[in-house]
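Me: I'd like to learn how to read the contacts in a protein model. Can you walk me through them?

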Protein chains: 2
Amino acid sequence: MGEPLRVLIIGGVACGPKTASRLKRLLPDSEVTMIERGKLVSYGACGLPYYVEGMFPRIEELVETPAGIGRTPAFFQKVKGFRSLVRTEALRIDRERKTVRVMTLDSGKEEDLPYDRLVLATGSSPVRPPLPGVDLGNVWYMRHPDDAASLVERITAGNLRRAVLIGAGYIGIEMAEALRERGLHVTMVEIFDQVMPQTLDREVALLAAKHLREKGVELALGERVVALEGNGNVGLVRTDKRTLPTDLVLIGVGVRPNDTLAREAGLVCSPKGGIVINSFCQTSDPDIYAGGDCVVNHHVAPITRKAFFIPLGSTSNKHGRTIADHIAGLASPFAGISATAVCKAFDLTLGRTGFSEREARELDPDIETIIWAGADKPHYFPQSRPLIIKMIASRRSRKLLGVQIVGRGDVSKRLDVAATALFFGATVDQIGNIDLGYAPPYSSPIDAIATAAHLMVNKLDGIARGISPLEAKRRIDAGNDVILLDARTPKECQSMRLPYENVVHIPLGALRERASELPKEKEILTFCKASMRGYEAQRILNGAGYDRVSFIEGGLLAWPFELTTG
Amino acid sequence: MGEPLRVLIIGGVACGPKTASRLKRLLPDSEVTMIERGKLVSYGACGLPYYVEGMFPRIEELVETPAGIGRTPAFFQKVKGFRSLVRTEALRIDRERKTVRVMTLDSGKEEDLPYDRLVLATGSSPVRPPLPGVDLGNVWYMRHPDDAASLVERITAGNLRRAVLIGAGYIGIEMAEALRERGLHVTMVEIFDQVMPQTLDREVALLAAKHLREKGVELALGERVVALEGNGNVGLVRTDKRTLPTDLVLIGVGVRPNDTLAREAGLVCSPKGGIVINSFCQTSDPDIYAGGDCVVNHHVAPITRKAFFIPLGSTSNKHGRTIADHIAGLASPFAGISATAVCKAFDLTLGRTGFSEREARELDPDIETIIWAGADKPHYFPQSRPLIIKMIASRRSRKLLGVQIVGRGDVSKRLDVAATALFFGATVDQIGNIDLGYAPPYSSPIDAIATAAHLMVNKLDGIARGISPLEAKRRIDAGNDVILLDARTPKECQSMRLPYENVVHIPLGALRERASELPKEKEILTFCKASMRGYEAQRILNGAGYDRVSFIEGGLLAWPFELTTG
């Protein structure tokens, strides 16, 4: 028997411990060491906003196993069989000698750790915007349990009433919910003119913004923060448009991959940041692996292999498995990502997989989109809740390119079905055919995601002529001489309406008889609550010889602008 | 312009109205007539148990659109543009003349309706067992809104206290919940020795049965009902083992396809029942289509094209779309079914897709199975709930063959992901790689379905040596000299234990040090709460030179037999 294989892992949060644990299961005789700069290893960073919100009482739960055992270095040694050194920083890699220079932070002592295989799981760091005042007190990032613990401590002390969140991405939205639940007044400033600009298309983001406002979050979109001001602690956020007094600031404007160590060692990195890896998570040095937030990912075939920096805990864990397997001689390539993401925003869930419309148009000029609105369960079921699904597909291949879903209903199930379909290169025709589970507590006979796919099929086939709410608004605002045909019942019209004068109301059931009331030379936009009836009205009018008819996709449920109520 | 295409549809519940509605959207000039024997059309039969349970107040909701409009013949005429004739029965098909002889039930008047295309959507009928007393009063089936309405009327009148359900399939379980919620004492008699014998494997069914008993449902499994007795109304159910006094009986022992009309017309039907169709839902006469509960379905490729009779509302609706499309000249073949099914049973959800273990073994002698138990969300999240997943895969192709899931957690999401993966012919390796949505309110960083797939991969690769709880019980009961190694913490062991004397307790964290306490010549079965630690213990012992070690898959969470508590 030869010497045991020495594996050194830099980084102890997600990919690192996953790699180490699996490696020791696969190669019990290997000598695995994991070093971590911080004092905690293997914590659930994604849970921090929910700790702040008060959903669980002890922050230690984020570093415990389900059985309540702390994931400490002693735990990893005894249970998993590998050594972990905390408060230990990697300074540089010597690829010739296959050593890493490390420093124990508490003592300043340096030493060289040898490796046969090196794993870089160095993670990412929050972008710290170069703003005046960014180093004031009561300015938080939300990356480490210490961040959440200190924030909760300050909130509990009772002297924080107002918060300004910079950045309306995931962390901003999750923290908006957490801080509202804690009773704070919350303003969210975002330099782009929509929430979740990296994730959601405009009309979907508008629906999310509507809900955030309903929940008391003030949105300052399209505003640039120019300075934080205060005396010791932050007291004021200055944007290019206004001044916001505040007791705390939370910054969530993205993260950057920690790739300096790799760059300095001459490993190939992306010009935009992130270590370049192959499908076995090997870097340009085959004895050095990298995974987690510090690498660049590729989209799953069959859409594109384009590189993306999308750091997620789920991906980090998959990387860890791939790395351990490859070191142990098992081939389990990492397939790539689909940019799937999901986020809770108060009563809504926001999700997306694949490409946004903008991204898709860059890859394929010939795409089609649909917006579908409807319920996640049969309407008679008391837990029935609305969903709005945007779907993007290639016109030529009819393959699904992307899905965005927002709603109070069960978004996450439909999102995961879409992510799975996307993974396997599904056409929208196939999605309408999948044998999904049906019972009234869980779905309608044809599930929402299948119905949305059917709408896409109908649109690709030229049967459904839908336009997006944004396009409808554009045509209305352009002063085009359009008729808005509301196909709902009189009772429905009483409670909520489009705020325009050119609305004509003919319930769908009367349309076959009364179609002739409509002029043939004008453009007609039909709609209803969710636009099934809008679509049917379009088909009835087509059948009656009306050609310039479209329906407004998603109807009033997906209408992201003002509605008249009452 | 020629004559309009005449389409006649027999059956007005699910496939029929779907076909008719879509056809009129695709071919506005076609002349579509739908006939229905009953007085109601297009009702949501799957909602009946929930009406009985009291989840919604008006049974009319089952025949209304989401906007609250009744789906009456007048509605279909005005809104969808087709004619429907209720209380009208089809007597025979004349394929030569292309007419159907129909009778108006109220008047007895007969006439011949001509067709260019005929659609058989004749549905299925509940099996009425040939038992003495089956025609007594207070014996229900649950197929039509009238069944549910009359049952609720009788319950509300207050004179029903005890119910016997015959058959422990979907309808039996849904009705057990409904009647328990209504305060009745419920006994369920099933001729097979497990609940859901057509759907779930034994160990999964045992878990479901445990829950039903906890909810106060008495189970009489492996018992044959021999007679119903009573004076006018049923008062007694006699089985081959006992006598059950009761105030009502509900029979749910399956359904049979209504294929008599098709058989008499000489259309090809399966010897076991059900009209044979191609992927465009055409029968052996290309001008006659069939869909819904009256046909035989095929499993989706790539598993097998084997024929199955599995009637479901979701399939019926897809058939309707396929039929309308083909008549209108669009090719959208029906891909087949995966035998996906889901059912709520009190706090549990039961789901399955693909093949059961028994079915899979008939197709492929070389299969592997796993049982995985764990939480659907991170343990620190208050809404975290357990799931138990059974997965069946081919050893050679590593393709997924079937999945069964049971638990208080979000079963339906994982089931639909599995159904989607199965549809696309996924290997279990691929399932572990899908980029599913991750945020703590919805899942763990590696979702339950992916973790289950990883366990299968580990087992196929010979790394994880798990055995099912049934196999563990068999080895223990056989008096084999096995050691049961409990790897949990002392605290966990206090509250719940396996009721055997040969249990040795060594917490996982102490196992590396204390392994030598275990004899090498004995077989060791390791376990913990969910068996992640059971698996780790197996690997640690393997590393320490112990070869005869397996872990009990699913641990105590999936243990379907008695446990010692307190």
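Me: Let's start with charged pairs: how many salt bridges does the rule count over all chains?

Reply: A salt bridge is a side-chain nitrogen of Lys or Arg within 4 Å of a carboxyl oxygen of Asp or Glu. By that rule, the count over all chains comes to 100. One of these joins the side chains of D447(A) and R414(A), at 2.7 Å from N to O. This pair links distant parts of the chain, 33 residues apart: D447(A) lies in the loop between α11 (428-431) and α12 (448-460) of chain A, and R414(A) in helix α10 of chain A. Helices here are DSSP runs (H or I, at least four residues), numbered from the N terminus.

Me: Where do these values come from?

Reply: This is a predicted model, where local features need pLDDT of at least 70 and side-chain atom pairs count only at pLDDT 80 or more, while totals for chains, interfaces and linings use all residues. Residues are numbered from 1 along each chain as its sequence is written, chains are lettered from A and ligands numbered from 1 in the order written, and side-chain values use heavy atoms, leaving out hydrogens and water.

Me: How much area do chain A and chain B bury between them?

Reply: The size of an interface is often given as the accessible area lost when the parts come together. Here that buried area (1.4 Å probe, summed over both parts) is about 7,800 Å², 60% of it on carbon and sulfur atoms. In chain A, R25(A), Y380(A) and D435(A) lose the most area to chain B, together 10% of what that side buries.

Me: And how many residues are in contact?

Reply: Contact means heavy atoms within 4.5 Å. On that basis, 91 residues of chain A touch 91 residues of chain B.

Me: How many salt bridges cross this interface?

Reply: The rule finds six between chain A and chain B. K413(B) and D416(A) meet in a salt bridge through their side chains, at 3.7 Å from N to O. Helix α10 (residues 411-423) of chain A gives the largest share of the side of chain A that touches chain B, nine residues.

Methods
Buried area is the accessible area (1.4 Å probe) that two parts lose on being put together, summed over both. Helices (H or I, at least four residues) and strands (E, at least two) are DSSP runs, numbered from the N terminus.
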